[in-house]
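Have a look at the picture first, then work through the notes below.

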Amino acid sequence: MGSLIIKGGVPLHGRVRVGGAKNASLPILAASLLSGGSSTVEDVPELLDVETMCGVLSSIGARVSRSRNKVTVDATEISSFSPPYDLVRAMRASFLVMGPLLARMGCARIALPGGCAIGSRPIDLHLKGFAALGAEIEIGYGQIEARADRLEGARVYLDFPSVGATENIMMAAVLASGTTMIENAAQEPEIVDLANFLNSMGAHVRGAGTTVLRIEGVPELEPTTYMVVPDRIEAGTFMIAPAIAGGSLVIENVVSEHLKPITAKLRECGVTVNENDDGSMFVERNGRPRGVDIKTMPYPGFPTDLQAQFMALMTTCSGSSVITETVFENRFMHVAELMRMGAGIKIDGRSAIVEGQNKLLGAQVKCTDLRAGAALVLAGLAAEGQTEVSDIYHVDRGYENFHSKLASVGADIVRVGSAEAERAV
Ligand code: EPZ
């Protein structure tokens, strides 16, 4: 079974390079369906989720080729508008092909994406947008079907600034006739990256990164070549690593603007965070950090995808901290596992109160989801003794060579078993 064995207490020193963003790569690969011909996407991380998305694209007729961090998608021939159930169930982001298929084919039939460990993950805002653009929506037998001979531009208000809904509606609207306005849109950097990709194909998307997107539909798009934005969540995870384990790290290939919330919070804890002239970030632990409160919010607030990792840091800080998760309803699955390592955490509704401990003790713990897994690895770096983190395929979904990068800067961490065996269960 795929596990990581970590011997804690070793300070980190050295440089790590952050890869391209998973959560930009997935919608951008889906968007490649919007034109015939071959689009090439560069700096795509080698992750299980990327492999799944490439499988979804191939299953509906696109020709996909991958070499390391470059993916080429030839979407000239789309032979189906209904990707197979097992692939969609394997990864909810597969649902991001709905908008492009609806725009390109006039039809899409996709299995209802299930919930997952962190929440029910509804798609009502995605469907609200498709319906506003004129699609007929039918739900039945675990499938959703959307049909529209021609999508018409419309004004859509998102009750919540959903990242996926903003992306799906944007991708449907770029080939619609007329103008679409998405209000209360998500502002994440991955939204901006998708908009930049679409515009490089000939789309007219304006306002990405603000709460109002304006999309002028065009008759067709052209294939393109595009490099994905660096992964701010991977970067933030590596910024927390020296803060919890000790030592210092230089983190390369980052956009410091995207890291403001984590930079501010680490500084509040007493951790040194400096931006180097070459754009890399220098992070150094200066004695035991102080506990600080965080509240996760849509961008530009503190990212929910760094909540678990930051909580791991708070478990060994001096004093207490209150961690409030406002984006997902069940994103504290890592708490029980951290408590197995001696963490002092009490959940009160959507908040977790963390009492900093002098130390954590190594234990056998289990990944429950992608970011919880990363948090447990970080906790293992700081814990006294050995920690075994099992079900590590969760981490493989979002981090390329996570343990190798940590080992390269001094962590005592080895991988045992294989992800394939893990997933075969
Ligand atoms: C994206 O998920 C990311 N995934 C998530 O990253 C990230 O945590 C999340 O955005 C928030 O930033 C990808 O980009 C592939 P949402 P998404 O729609 O789009 C509610 C990771 O670890 N909602 O912004 O699914 C929903 O219930 C993953 O890399 C509706 O109510 O997130 C949730 O409470 C985990 N109706 C909130 O919005 C809808 O139709 C945020 O969801 C859609 C969403």
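## Starting with one glutamate

Glu 337 has its place in helix H11, residues 333-340. (Helices here are DSSP runs of H or I with at least four residues, strands are DSSP runs of E with at least two, and both are numbered from the N terminus.) With 15% relative accessibility, Glu 337 counts as buried; that word means under 20% relative accessible area, while exposed means over 50% and partly exposed is in between, using a 1.4 Å probe and protein chains only. Glu 337 and Ala 375 are 38 residues apart in sequence, and their C-alpha atoms are 9.8 Å apart in space.

Before going on, note that this is a predicted model, where local features need pLDDT of at least 70 and side-chain atom pairs count only at pLDDT 80 or more, while totals for chains, interfaces and linings use all residues. Residues are numbered from 1 along each chain as its sequence is written, and side-chain values use heavy atoms, with hydrogens and water left out.

**Around the ligand**

- Which residues come nearest to the ligand? Of the 22 around it, they are Asp 124, Leu 125, Ser 162, Asp 305 and Val 327; a residue counts as near if one of its heavy atoms lies within 4 Å.
- Asp 124 has a polar side-chain atom 2.7 Å from a nitrogen atom of the ligand, and a polar backbone atom of Leu 125 is 2.7 Å from a ligand oxygen. (A polar contact is a pair of N or O atoms within 3.5 Å; within protein, one must be able to donate a hydrogen and the other to accept it, and residues adjacent in sequence count only if both atoms are side-chain atoms.)
- On its own the ligand exposes 820 Å², and the protein buries 87% of that; the areas come from the Shrake-Rupley method with a 1.4 Å probe, and for residues only the protein chains shown count as cover.
- Helices H1 (22-31), H5 (124-132), H6 (163-173) and H12 (370-382) are the elements that give two or more residues to the shell around the ligand. The largest share, three residues, comes from H5.
- Sorted by class, the shell has ten nonpolar, five polar and seven charged residues. (Ala, Val, Leu, Ile, Met, Phe, Trp, Tyr, Cys and Pro count as nonpolar, Asp, Glu, Lys and Arg as charged, and the others, Gly among them, as polar.)
- The ligand lies between domain 1 (3-19 + 230-424) and domain 2 (22-227), because both give residues to its shell; the domain bounds come from an automatic or database assignment.

**Covered helices**

- Eight of the eight residues of helix H10 (307-314) are buried, so this helix is largely enclosed by the rest of the structure. Among them are Phe 310, Met 311 and Leu 313.
- H1 is mostly covered, with nine of its ten residues buried, including Lys 22, Leu 26 and Ile 28.

**Strands side by side**

- Four strands make an open, mixed sheet in the order S17-S18-S20-S19. (Two strands pair if DSSP finds at least two bridges between them.)
- S17 (294-295) and S19 (344-348) are at the edges with a single partner strand each, so one side of each has no neighbour in the sheet.
- S18 (320-324) and S20 (351-355) run antiparallel and are joined by five bridges; Ile 323 has Ala 352 in S20 as its bridge partner.
- S8 (143-147) pairs with S6 (107-111) in the antiparallel sense over five bridges, and S7 (136-140) pairs with S8 in the antiparallel sense over five bridges.
- Ala 146 in S8 is the bridge partner of Ala 108, and Ile 137 stands opposite Ala 146.

- Most residues other than glycine have a negative phi, and most peptide bonds are trans.
- Tyr 141 has a positive phi near 55 degrees, in the hairpin of S7 and S8, which has two residues between the strands.
- Asp 43 has a positive phi near 65 degrees. Asp 43 is in the loop between S3 (38-42) and H2 (48-59) and is buried, at 15% relative accessible area.
- Asp 391 has a positive phi near 55 degrees. Asp 391 is in the loop between S22 (386-390) and H13 (393-396) and is buried, at 13%.
- Tyr 299 and Pro 300 are joined by a cis peptide bond, with omega about 10 degrees; Pro 300 lies in the loop between S17 and H10.
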